[in-house]
Amino acid sequence: MASMLKSLKLLTDPTRLRILLLLDAEALSVADLQELLGMGQSRISTQLSQLKSGGLVRDERSGKHNFYRSEMSRDLCRLAQEAAKEVPETEKDAAALRHLQHKRRDKTRAYFDELAGRFGKDYVPGRSWKGLAEALLKVTNQGVVADLGAGEGTLAQMLARQADKVIAVDLSPKMVEFGRELASRHDLPNLEYRLGDIEEPPLEDASVDLAFLSQALHHAGSPPKALAETFRIVKPGGRVVVLDLLQHSFEEARELYADVWLGFGEGELAAMLEEAGFTQIETAVVDREPEPPNFQTLLAVARKPA
């Protein structure tokens, strides 16, 4: 646990305070912070080093980039937010962060808009029938299912044949439109498509028995936030299934597939699920593609306590 006195001392510097508040809202790289704060790399790196040594931030590797997150306690965060009222630049920082988040989402949305209607014809990293089969073996005869980041809904359509209802959520209007057409064409009245983000899914609290995130989490700006929202919408005793890429170093995935994160380690994904509140967490690597860059598919299954 970070020393309270040291933490308070670190918060007295306006630049460190601004950085901390940004990192409390979103995981960011040094380059992101340069863009948001209009400061040089050396200055930001120095401040991050001090915050890290004080236990207020942690970093994690994703390919060639380090992303930083706030480790402030909720009490300290409230104190930081109160102190920020005396730093006029924080309002501009929040606006700049919203713009960056919109840019990220627009990039992802544009990628999937372009892809709409071509699924099954174009290559999608980590999307294998073996991986889907392994996931479906874990969950049969479900009630209400949410497919978060559904794309045009290949998985949602499979689930709809054994679930009472499936709600497919995607941020691409074209994907949602295409999915609705497919559901109508395949006579699946229990399959509903909703436009929305996996970090703010348009579903009520405790409204689904099962939530799926299939190759969606690495597109999230904040995977922990997406999993926390998943926890919110799952009923007590319900489950979550995550299919994603195992951590890799294929940097080109950011441009080719609009990926934000280069996969996740088994322990990292398990820790995020636990932090969100899930228990009985199981993980396994269920597939490895034969062609370079040899993407591997990671499966995680967990339960919300009853």
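This briefing covers the sheet, the helices packed on it, and a few individual residues.

The model is predicted: local features need pLDDT of at least 70, side-chain atom pairs count only at pLDDT 80 or more, and totals for chains, interfaces and linings use all residues. Residues are numbered from 1 along each chain as its sequence is written, and side-chain values use heavy atoms, leaving out hydrogens and water. An open sheet of 7 strands runs in the order 5-4-3-6-7-9-8, with mixed pairing.

**The sheet**

- Helices (H or I, at least four residues) and strands (E, at least two) are DSSP runs, numbered from the N terminus.
- Two strands pair if DSSP finds at least two bridges between them.
- The edges are strand 5 (191–195) and strand 8 (279–288). Each has a single partner strand, so one side of each lacks a neighbour in the sheet.
- From one strand to the next, the twist averages 15°. Axes are lines fitted to C-alpha atoms, for helices over the stretch in contact, and angles run from 0 to 180 degrees between N-to-C directions.
- Strand 3 (residues 144–148) and strand 4 (residues 165–170) run parallel, joined by 5 bridges. Here D147 stands opposite A168 in strand 4.
- Strand 7 and strand 9 run antiparallel, with 7 bridges between them. V242 faces A300 of strand 9 as its opposite residue.
- E282 stands opposite V301 in strand 9.
- Strand 9 is largely enclosed by the rest of the structure, because 6 of its 8 residues are buried. Buried means under 20% relative accessible area, exposed over 50%, and partly exposed in between (1.4 Å probe, protein chains only).

- Contact means heavy atoms within 4.5 Å.
- The buried residues of helix 10 are P223, P224, A226, L227, E229, T230 and I233.
- Their cover includes strand 2 (65–70), strand 3, strand 6, strand 7 and helix 12.
- Helix 12 (residues 266–276) lies across strand 7, strand 8 and strand 9 (296–303). Helix 12 runs at about 150° to strand 8.

- S207 lies in the loop between strand 5 and strand 6. S207 counts as partly exposed because its relative accessible area is 24%.
- S207 touches V144, I233 and K235, not counting residues up to four places away in sequence. The C-alpha atoms of S207 and V234 are separated by 6.0 Å, although the two are 27 residues apart along the chain.
- R18 lies in helix 2 (residues 14–25). At a relative accessible area of 8%, R18 is buried.
- R18 touches L37, M39, V87, E89, T90, K92 and D93, again not counting residues up to four places away in sequence.

**A nonpolar surface patch**

- M4, L5, L8 and L79 make a nonpolar surface patch of about 400 Å². Patches are made of residues with over 30% relative accessible area and no salt bridge, joining like charges within 9 Å and nonpolar side chains (Val, Leu, Ile, Met, Phe, Trp, Tyr) within 5 Å.
- A salt bridge is a side-chain nitrogen of Lys or Arg within 4 Å of a carboxyl oxygen of Asp or Glu. Accessible areas come from the Shrake-Rupley method with a 1.4 Å probe; for residues, only the protein chains shown count as cover.
- Helix 1 (residues 4–11) gives the largest share of the patch, 3 residues.
- L5 lies in helix 1. L5 counts as exposed because its relative accessibility is 71%.
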